[in-house]
Amino acid sequence: MPDQTASPQLSRRGLLGASTAVAAGPLMAAAPVVAPATPPVDPRRPVDVALTVNGQQHHLAIDVRTTLLDAVRTHIGLTGSKKGCDHGQCGACTMLVDGKATLSCLSLAAMVRGPVTTIEGIAGTDGTLHPMQQAFIDQDAFQCGYCTPGQIVSAVACVQGGHAASDAAIREYMSGNLCRCAAYPHIVAAINQAKDGMGRA
Amino acid sequence: MRPFNLDHAATLPAALAAARPVAGARVPPTAAPAQFIAGGTQMLDLMKLDTMQPATLVDINALSAAHGRIEAKSDGLHLGALVRMSEAEAHPDILRDYPVIAQTLQMAASPQIRNMASLGGNVLQRTRCCYFRDPGWAQCNKREPGSGCAALDGVNRKHAVLGVSDQCIAAYSGDFAQALVALGAEVQTAGPNGVRTIAFEKLHTASDNPHTETVLAPGELITGFRVPSGPWTRRSAYVKIRDRESYAYGLATAAVALDIQGGVVREARIGLGAVSYRPWRSHEAEAALRGKPLTEDTANATARAAFAGAKPRQDNAYLIDLGRRTLARALLQASRLEA
C-alpha cells in the first residue's frame, strides 16, 4: 500500500487505476465475485480537500464526512450560509456550485469540484450590494432572516437561469427554499424588482 | 454519520473495481458495504439518519463524460445515468417528443435537488415511509428482514394500495420512473458479471421480499436508459396530485402515453406511482382502453380497471378514488394533445 500521507485522494486514485486491468477480465466473463483489490484505509483519517469559495482557494484537511456547508461555515469561517434542516428539505444552505443552486448540506466537501459562491460572494468586491440583496431590503422580503441567505442565492440562480418570467415561475423555482415567517409574497416582489437590474428575466 | 472511505473513480472499470462485492457475501444491493454516489441527495440524507451505513462511497461523477449524455436517435431516447434531472427536464428533444418525461422531472423535488440528482440515482430512490426512514422504529422489513412492518397498522395515509403485501406497504414516490415504466424503457447496467440490459419494468422487485428492492447485484451500476420511440410518446402527460402544489411527493400520480388513430386508442401506456409499491405499469388498464375511443366514460372505466386489485389499510382507502381520478384526468389530458 503506497504512502497516503501526502495526498490520500491522489494515492487512492492511483490504486484504482492499478486495479482497473485486474477488473477488466472478470467484468466481461461472468466470473464469481472476488474480494476487493484495494485494502481499506482508515476512514477516520483527514482527507485533503481543495475548495474555491468566492474566488479564493482553500486547502483543508478534514473528516471525509464533512459537508460543503460545514466546511464553509466551520473550517473556512464563512457563516452566512445557514444550517436549517441539514437534510435537503429547507434550502437555507443553498450555495452556487459551478453557477448552479446546490444544497451544501447534502454535498460532501471532498466531492465538490467546481467553484463555490456563498452569500458572502454575491455582493460586489467593493461591498456594493447585489441588486437582489438590495431588492430584499427594499421589498421587506424577510422577517427573522434565517432563510434569507439561501433565498437570495436561489433568487440569483432563478433570474440567471431565466426562471423569473412570471410570478408563478418564480414561485415554482423558489419552492425549495422554505420561509417559516412566510415572507413569500415579498420574496416574489424582490425577485421581480431585481430581475430588471440583473439584465434578464 | 458513520465513518466511510471515499473513492473517486475516474473510469467505469475503476468504479466497478472499487465497489466489487466481497466473495460469498449475500446482501441486497442497498445493503452492500460499497455504494455508488453521484448527486448524493438521497445517500447523504439516509446516512445522516443512519438508515444507510455504507463503509465505502464510490464517487462516480467523473463518469459523466462517458455516461452523461442525452441523445435522441431513431431507436429512441438515450439517457446517460449521470445526466442531471435539471438537464433532462429542459432538453428540447425531450420536451417535444417525450413530454411525459420532462413533466415527471419538472414536478419532482426542488430545483436545487434536480441540479444535483442523477437520473440513475433517481430511479433507485428509496421509499419515504417514515417507519423505514427512521431506524428508531424497530419494525421494518426493508431495514431488518423479518422484523415486521410498523406501517401496516401505523399511520399509513401515504402508503401504497397497489402491489402491496403483508410484508410491506411502502409507496414508491419517484416520478421519473413512472414515465420510464409507461414507455417501456430499458436500463443498461455494468457490474461484476459484465454488462446487461434490463426491462425497466423488471428493475424493481415485488413487496413480498421488501429487503431486496431491485434486481441489481451488489456493485452493479446503472449506466443509462433507452426509451424506445413509438407513436405514443408525443401524446403523453403526467398528472401529480399532492398535499401542496410544489416540492412535495405525490399522493396519486399517473404517467400516460397514447397512440390514437381514427378516434380509437390503438395503444395506451399507463404508469402509476405513489399509490403503488414500485413503479407500476397497469397492463390491465391498458387492455381496458385498447380499441376504444377515449371519452370520459372509457377513461373512468380504465381507471377502475387499474385499481381493481387495490388493497387499502385503515388510512389510505381514499387513494383508490384519488388514484382513479388522477389516471382518468391524465388520459383525457393526453388525448387532447397533438400526436
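Predicted model: local features only at pLDDT ≥ 70, side-chain atom pairs only at ≥ 80, totals over all residues.
User: How many residues are in contact between domain 1 and domain 2 of chain A?

Analyst: You count 14 residues from domain 1 of chain A touching 11 residues from domain 2 of chain A. On the domain 1 side, β3 and β4 (100-103) of chain A each supply at least two residues. β3(A) gives the most there, with three residues.

User: And confidence? What is the mean pLDDT of chain A?

Analyst: The mean for chain A is 85, with 78% of its residues at 70 or more. Watch residues 1-37 of chain A, though, where pLDDT is below 50. In the model that stretch has 59 contacts beyond near neighbours in sequence.

User: How do I read a helix, say α2(A)? Which of its residues are buried?

Analyst: An α-helix has 3.6 residues a turn, so residues three or four places apart point the same way. In helix α2 (residues 68-76) of chain A, the buried ones are L68(A), L69(A), D70(A), A71(A) and V72(A). They pack against four strands of chain A: β1 (47-53), β2 (56-62), β3 (94-97) and β5 (116-117).

User: Now chain B. Which domains does the assignment give?

Analyst: Chain B has domain 1 (5-61), domain 2 (67-124 + 176-227) and domain 3 (236-335). The C-alpha centres of domain 1 and domain 3 of chain B are 35 Å apart.

User: How do I read a sheet there? What is the strand order in the open sheet of three strands?

Analyst: Strands of a sheet pair through backbone hydrogen bonds, either parallel or antiparallel. In chain B, this open sheet runs β1-β3-β2 with parallel pairing. The edges are β1 (5-8) and β2 (34-37) of chain B, each pairing on one side only. From one strand to the next, the twist averages 25°. Zooming in, β2(B) and β3 (residues 56-59) of chain B run parallel and are joined by four bridges. One pair to find is F36(B) with its bridge partner V58(B) in β3(B).

User: Which residues touch the most other members of the largest nonpolar core?

Analyst: That core has 165 residues, and the ones touching the most other members are I191(A), A15(B), V58(B), L180(B) and V256(B). Take A15(B): leaving out residues up to four places away in sequence, A15(B) touches A9(B), F36(B), V58(B), I60(B), L63(B) and L221(B).

User: Is strand β11 of chain B enclosed or exposed, and why?

Analyst: Seven of the 10 residues of β11 (residues 264-273) of chain B are buried, so the strand is largely enclosed by the rest of the structure.

User: How many bridges pair β10(B) with β11(B), and in which sense?

Analyst: Nine, in the antiparallel sense, with β10 spanning residues 250-261 of chain B. A255(B) sits opposite G271(B). The two strands make a hairpin with two residues between them, where G262(B) takes a positive phi near 60°.

User: What joins β11(B) to β12(B)?

Analyst: Two bridges, and β12 (residues 280-281) of chain B runs antiparallel to β11(B). L272(B) stands opposite W280(B). Here the hairpin has six residues between the strands, and A274(B) in the turn has a positive phi of about 70°.

Conventions: Residues numbered from 1 in each chain as written. Chains lettered and ligands numbered in written order. Buried ≥ 20, exposed ≤ 12 C-beta atoms within 10 Å, placed from the backbone. Pairing = 2+ DSSP bridges. Core = buried A, V, L, I, M, F, W, Y, C linked by C-beta atoms within 7 Å. Contact = placed C-beta atoms within 7 Å. Axes fitted to C-alpha atoms, helices over the stretch in contact; angles between N-to-C directions. pLDDT = per-residue confidence, 0-100. Domains from an automatic or database assignment.
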